[in-house]
Amino acid sequence: MLVNGAIVAGKGAGSVKTRSSEETEQIRVILRSRFDELNAEYEEAAAQNHRLRLVEIGDAAGDDQADSGSKTAERDAASSLLRTLLERRTQAEHALQRLDAGSYGNCEGCSHPIPVERLEVFPSATTCVNCKAVRERRAS
Ligand SMILES: [Zn+2]
């Protein structure tokens with residue numbers, strides 16, 4: 001009996017682990033709050049970006065070179081933050097959709113299960129580390 005139990009437990013610990021609905025719900029809560037967080041940050045950054053542009057338009061006439069240089073830098077930083085937040089928000093939304101579809105936790109590239117440790121750190125990850133690296137190489 002005991003031996004048998006150990007074997008079953010050993011099999012269960014393999015890579016084809018299915019999530020309980022409780023775990024799925026937990027992930028959903030994490031992803032939702034992540035999405036809401038990013039959404040709020042994005043809205044704030046967008047408003048800030050808008051303010052920067054307004055100030056710029058209003059001030060442009062009296063600017064000397066140094067002033068307009070630092071403003072350009074500020075605006076660039078703001079729009080790159082905006083882009084990053086938008087990407088992350090989209091990613092979190094995408095992960096939620098995959099959770100609903102039942103494909104969450106499997107890599108979109110190679111369809112192997114994504115290591116749990118990676119998902120713990122990046123709950124919105126939809127690719128394994130290898131496929132992510134490949135994608136980034138292709139994108140750049
Ligand atoms: Zn992969």
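The model is predicted, so local features need pLDDT of at least 70 and side-chain atom pairs count only at pLDDT 80 or more, while totals for chains, interfaces and linings use all residues. Residues are numbered from 1 along each chain as its sequence is written, and side-chain values use heavy atoms, without hydrogens and water.

The second largest pocket holds about 570 Å³ of space. Here a pocket is an open set of points on a 1 Å grid over the protein atoms alone where a 1.4 Å probe fits, with protein on both sides within 12 Å along at least five of seven lines; its volume is the space filled by probe spheres set on the points. The lining comprises 19 residues, each with an atom within 4 Å of a point. Nearest the centre are Gln91, Arg118, Ser124, Lys132 and Glu136. Helices H3 (65-101), H4 (116-121) and H5 (129-139) each give two or more residues to this lining, and H3 gives the most, with five. Helices are DSSP runs (H or I) of at least four residues, numbered from the N terminus. Because domain 1 (21-104) and domain 2 (105-139) both contribute lining residues, the pocket lies between them; the domain bounds come from an automatic or database assignment.

Helix H5 also contains Val129. Val129 counts as exposed because its relative accessibility is 52%, and exposed means over 50% (1.4 Å probe, protein chains only). The C-alpha atom of Val129 is 9.2 Å from that of Cys107, 22 residues away along the chain.

Note on methods. Buried < 20%, exposed > 50% of the residue type's maximum accessible area, 1.4 Å probe, protein only.
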